[in-house]
Amino acid sequence: MGVRRRYPPYALRFLGALALLGVGAVHIDQYFAVHYRVVPVIGTLFLLNLIGAAAIALLLIVPVERLLDDAGPAVVGLLAVAGIGLAVTSGAFLLISEHTTLFGFMENGYRTAIVLSFVAEGATVVLLGAYLIGLAGRREAGPQPRLA
Amino acid sequence: MEAAPHKRAWLALAATAAVLAVAGCARAIPTSQGGPATVSADHSQAGTYLVDESGHSLYLFEGDQNRRSACTDACASVWPPYETDGKPTAGSGVSQKKLGTITRSGGGTQVTYAGIPLYYYAGDGGKPDQTTGEGIEQFGAEWYLLSPKNGAPVEPGGAGGGGS
């Protein structure tokens with residue numbers, strides 16, 4: 001039970017991880033179905049987006065803190081920051097490519113996949129951000145007694 | 001005091017995004033050169049084909065019909081239309097009479113040759129003299145370089161034309 005007291009609700013983290021997986025899913029769909037794999041640099045970034053999103057989301061979903069004890073909150077916090085970073089970078093690049101060229105590539109309009117990408121990126125930032133704030137608040141409140 | 005590392009992380013992310021964004025502008029595939037487009041002919045092992053004023057290869061989409069572009073949305077991201085501000089002009093080896101324009105459904109004026117809309121290919125990486133889009137099938141139809149002779153798909157190694 002001690003693990004539960006030291007962390008914000010797991011649902012926030014789980015849903016944030018799902019949203020992050022959504023970011024990766026949209027990118028890999030575009031990579032294969034819409035032929036973005038042929039676009040220099042952008043294609044590679046799309047593949048890396050999926051790999052990064054899947055790895056971070058997986059580590060957020062599994063209870064890694066049970067293995068880490070005191071380092072648990074810091075590691076989970078870093079994972080949440082990494083997830084937010086990936087979503088923000090992905091969204092920023094997408095926004096840039098809508099208005100000017102990015103690595104020689106420019107997006108064309110706001111089709112469904114692009115809207116879905118922005119939604120997933122926004123949800124990732126909100127959910128993992130709320131989890132991170134909750135985590136930081138509990139650490140600032142000082143060590144809490146373990147009930148287990 | 002816990003906020004400092006987070007603030008640094010955000011700053012690092014913003015700086016990285018800014019640097020990459022600037023770096024990314026170095027070699028761009030233009031949809032318009034910011035003035036009247038100029039179409040010329042170029043020759044390589046692929047044959048004789050149309051290029052823009054900077055030597056970027058231009059392609060036709062077999063899915064286009066009746067002087068209308070069927071390449072929109074994601075297709076237009078991977079195959080950017082060759083757009084112009086003003087009447088396009090003919091460079092070397094190209095007939096001025098065959099040059100024209102169409103208005104795209106989302107706005108923008110796309111250059112045509114013998115009534116065929118012209119496109120760049122993002123897979124060429126914004127580099128001149130690249131023809132990686134030749135003969136590939138994407139977005140439901142095949143893409144080809146165009147012969148300056150009649151706008152037909154280029155015949156590899158030949159003068160192009162695919163018939164007259």
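Mentor: Chain B contains an open sheet of three strands in the order β3-β9-β8, with antiparallel pairing. Here strands (E, at least two residues) and helices (H or I, at least four residues) are DSSP runs, numbered from the N terminus, and two strands pair if DSSP finds at least two bridges between them. The model is a predicted one, in which local features need pLDDT of at least 70 and side-chain atom pairs count only at pLDDT 80 or more, while totals for chains, interfaces and linings use all residues. Residues are numbered from 1 along each chain as its sequence is written, and chains are lettered from A and ligands numbered from 1 in the order in which they are written.

In this sheet β3 (59–61) and β8 (137–138) of chain B are the edge strands, each pairing on one side only. Three bridges link β3(B) to β9 (residues 141–145) of chain B in the antiparallel sense. One pairing to locate is that of Leu60(B), whose bridge partner in β9(B) is Tyr144(B).

A further open sheet of three strands in chain B has the order β5-β6-β7, again with antiparallel pairing. Its edge strands are β5 and β7 (116–117) of chain B, and each pairs on one side only. Between β5(B) and β6(B) there are five bridges, in the antiparallel sense; Ile102(B), for example, has Gln110(B) as its bridge partner in β6(B). These two strands form a hairpin with five residues between them, and Gly107(B) in the turn has a positive phi of about 95 degrees. On the other pairing, two bridges join β6 (residues 109–113) of chain B to β7(B), and the strands run antiparallel. There Tyr113(B) stands opposite Ile116(B) in β7(B). In a regular strand the side chains alternate between the two faces of the sheet.

Let us turn to the core. The largest nonpolar core has 45 residues, of which Val39(B), Leu50(B), Leu58(B), Tyr59(B), Trp79(B), Tyr119(B) and Leu146(B) touch the most other members. Such a core is a set of buried Ala, Val, Leu, Ile, Met, Phe, Trp, Tyr and Cys residues joined through C-beta atoms within 7 Å. A residue is buried if 20 or more other C-beta atoms lie within 10 Å of its own, exposed if 12 or fewer, and partly exposed in between, with C-beta atoms placed from the backbone. Both chains contribute: α3 (42–61) and α5 of chain A, together with β1 (38–44), β2 (47–51), β3, α2 (73–78), β6 and β9 of chain B, each supply at least two residues. The most comes from α2(B), which gives four residues.

Leaving aside neighbours within four places in sequence, the contacts of Val39(B) include Leu50(B), Leu58(B), Val111(B), Tyr113(B) and Gly91(B); two residues are in contact if their C-beta atoms, placed from the backbone, lie within 7 Å. Gly91(B) lies in the loop between β4 (89–90) and β5 (99–103) of chain B. Gly91(B) is partly exposed because 18 other C-beta atoms lie within 10 Å. Not counting residues up to four places away in sequence, Gly91(B) touches Thr38(B), Val39(B), Ser40(B) and Glu53(B). The C-alpha atoms of Gly91(B) and Ser40(B) are 4.3 Å apart in space, although the two residues are 51 residues apart in sequence.
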